[in-house]
2 protein chains.
Amino acid sequence: MTFDEAKKCLNDNTIKRNHFNRAITLICWDLETQTPAKGVVRHSEAIGFFSEKLYKIFTSKEYRHALEVLNTSRENLTEIEKRIVTLSIKNSDKTAKIPQHEYVEFSELTALAQSVWAEAREKNDFSIFAHTLEKIIEFQRKFISYFGFEGHPYNALVCEYEEGMSVEKLDDFFNTLKQEIVPLIARISKEPQINTEALHQKFDVDTQKKFSKWLAEYLHFDFERGLLAESVHPFTLHFDKNDVRITSRYHAELLLSSIFSTIHESGHALYDQNMGDDILGTLLSEETSYGIHESQSRFFENLIGKNILFWKKVYPKLQESFKAELSDISLENFYRMMNIVEPSLIRVEADELTYPLHIVIRYEVEKTIFENPSLSIHDLPKLWNSKYKEYLGIDVQSDSEGILQDVHWSGGSFGYFPTYALGTAYASHILYHMRKTLDFDTLLEKGDLRPILNYLTQNIHQYGGLKTPSELIFNLGQEDFNPKYFTDYLKEKFSKIYNL
Amino acid sequence: MTFDEAKKCLNDNTIKRNHFNRAITLICWDLETQTPAKGVVRHSEAIGFFSEKLYKIFTSKEYRHALEVLNTSRENLTEIEKRIVTLSIKNSDKTAKIPQHEYVEFSELTALAQSVWAEAREKNDFSIFAHTLEKIIEFQRKFISYFGFEGHPYNALVCEYEEGMSVEKLDDFFNTLKQEIVPLIARISKEPQINTEALHQKFDVDTQKKFSKWLAEYLHFDFERGLLAESVHPFTLHFDKNDVRITSRYHAELLLSSIFSTIHESGHALYDQNMGDDILGTLLSEETSYGIHESQSRFFENLIGKNILFWKKVYPKLQESFKAELSDISLENFYRMMNIVEPSLIRVEADELTYPLHIVIRYEVEKTIFENPSLSIHDLPKLWNSKYKEYLGIDVQSDSEGILQDVHWSGGSFGYFPTYALGTAYASHILYHMRKTLDFDTLLEKGDLRPILNYLTQNIHQYGGLKTPSELIFNLGQEDFNPKYFTDYLKEKFSKIYNL
């Protein structure tokens, strides 16, 4: 195979891959947002079918040979092509280690598992989900053995979501967080608590939806290239930069839930919508890692969305939407309410300070699962609940609010959770360096978010998968990832709010 | 290839076909209901890609050989298998006549054309759509020459939607309709007109949506196996009997539009939801023809939905939803308003009596296009408008309300429109024979629609594509399709309403 033939082979297979991916992505979107109950099975089977097509592309002899040819002529490749070849080889090698029938079975299993999990959660009955979860974990264990690993077996999964990450590094990171956060929470618990009664009113759901749409637009989400829908679990999904979709959720009693879901997912979406045109349609038009993706959602959710300066422009608009409910509530009061620190059961509703501990718990549970092959599936709820007692001091009364609360395991995403804490901490690292070139506070106060978005696009979004997470982070200020910026931020912010 | 190998080959290809079809169907659903503007192009390309996959299945040597093997051993096939083989051979022969690249180009073109048409319609500018339409018509002319035809070239398209139909038969049919309907409309035009002022109030859109959902359920649409969404043009689409989707449309000023769209599409959906389990997953789990499909939607829309007996139970529910607007309007008044006869511009809003003339116009325009290859695309609006003047006596002031009103041509569906009139007339033929075994009026009045649905399922739905349209119609009462039942019904109903 000549160099040009190899290029053509890669190109043809990328186009095929994109089409099959589009089908899978759209079926997933449909499953999460609207598929009728009895349509789920056939939809899931179709995911299996199209996954098999992808498997065949990634593992075909011709394709792998083409990658080899290109790799031995790297000097003739552009920077973008080099990275594509590197990632494609890595991906192909990994995929080829999984037997085809297991790859397909796993795809179908996880597509179906979502509705099993949803039923278990709704009925608050872990036993409904236990068997499916067990099968998923078995697959994960097999995959770990196929992939191989150094150090901890969980490493094989962790680095799937965050290139270069390991249990050793994560242990360090989480220990830092625990050391700084746990005492801070303890101090706050002795202070007078913020009264959030005003948030327990009923907020009309249709008005919330309209406000969410306005809010996403305010954050420069481009509705010509995306849409906002509704789902049980908010999420972001993209076909390419020209079609990026987010969901939020709405309950009359939970105004802040819809607001921060929308801001969070908008942050994800802005990453996807602002990737460079030079990587469009290539393997690189994906996030470089889930941690970096999360850094964008958390940047918007926390550093922008939970900042009082942001609300100077936005709160009057919200008050206008909910005149009867909010006209008596001052901006300062609203700000304090959205930042109440309170150990609670549900990760996605957690405040900024207790949030990382929810992740610590999941991290430790997952680590235990993969270092202990004889662990029974039925012991997991107990393990989960004991950790909530240990780190957050609360009793889990029901599995729906405990181990069944998150969708991730049903999708087979073990090793994913740590990226939530990493991303959150990356966001503070990014802001620290952004402040050297931008007057972040003034821009936020003026409601001029464009320069902030431009900085993120310039330094993060445009690259997609072209640069590694650690490269992106390092390039911001010639400094490796430093979790201190995150803990410093938390200490300063919450000391002020709670007058410590 | 042995008989068993041939069976396996057909089976394997059917599964593949189903998955690719699912992808195409879902992309179409997405395009019609939600795809953001800039996501349309890639979605359309994907349709082209998956259409190519279908083309390759239908035309592969192995598949065609398998069909031949099965066809020469028909004595070993079940009734269902025989029909599958017959239809598959027909389909494969037809597809193979179109060169692959044209098949794919045409799929992509028509997927894209929908948004071009929508823009043209919105901007009331035929010239935006003209070039695309011209290309679509060129493809149709080519396909006609590939397929071959007897008699009129338009026959090659007409029989695509209605097996066994021809221009000759349609000319007869439409002449009958014209002879009976035109004088009736003329007589009615001399009578005092029904006052429909009460319908020109504003009806809250969210309440309309809730009522539509209730209405679909009342008609036995199964929401476990389907959903109701919103689109510019209401339509029905199904993956299989377990996932059947309908849309409606809602405007505050057009209460009846949402009601009758929902009833119409529910009628379609009930056909799809009630096909037999023995044909599930096969080629036969599709309508046998578009005319038969339309007979079901029109049965529900007109014979049930525009019948005063139906509204005895339903109108109080509607009044409850719109207390302020409807409490002063009597059932009789409401019934008369929904049955006003009034020549108008828009087909889908037309009354039962003028509706067939809208179809006559489209039929004649399409016939002209294909018998006259030198006809300029730019002459079409004039031709359209002159026919509206001739048959309905009205002036078309804008193309949006004229030639641009319908989506069909953008989808390449020439030859489709006649099935609307056929289906409408089939419905009366069905009812005539249904009345011999069911007390239709009493059931309607009691709101007991189940026996009516059972009759339709028994005689129509369950068979899917197993029986031809003319077999289904004949088997109802051992009588070939008789349009007289339709014209008799119209004469009786409207003579009564207008006291002729």
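Mentor: What follows is a walk through the interface of chain B and chain A. This is a predicted model, in which local features need pLDDT of at least 70 and side-chain atom pairs count only at pLDDT 80 or more, while totals for chains, interfaces and linings use all residues. Residues are numbered from 1 along each chain as its sequence is written, chains are lettered from A and ligands numbered from 1 in the order in which they are written, and side-chain values use heavy atoms, with hydrogens and water left out.

Let us begin with how the copies are related. Two copies of a chain are related by a rotation about an axis and a shift along it. The same surface serves both copies, since 100% of the contact residues of chain B recur in chain A, where contact means heavy atoms within 4.5 Å.

Now to the interface itself. On the side of chain B, 34 residues are in contact with 34 residues of chain A. Together the two chains bury about 2800 Å², 64% of it on carbon and sulfur atoms; buried area is the accessible area (1.4 Å probe) that two parts lose on being put together, summed over both.

The rule finds four salt bridges across the interface, each a side-chain nitrogen of Lys or Arg within 4 Å of a carboxyl oxygen of Asp or Glu. A:Glu224 forms a salt bridge with B:Lys38, and their closest N and O atoms are 3.3 Å apart.

Finally, consider which elements carry this side of chain B. At least two residues each come from α1 (3-33), α2 (40-59), β1 (226-230), β2 (236-240) and β3 (243-248) of chain B, where helices (H or I, at least four residues) and strands (E, at least two) are DSSP runs, numbered from the N terminus. Of these, α1(B) gives the largest share of the side that touches chain A, nine residues.
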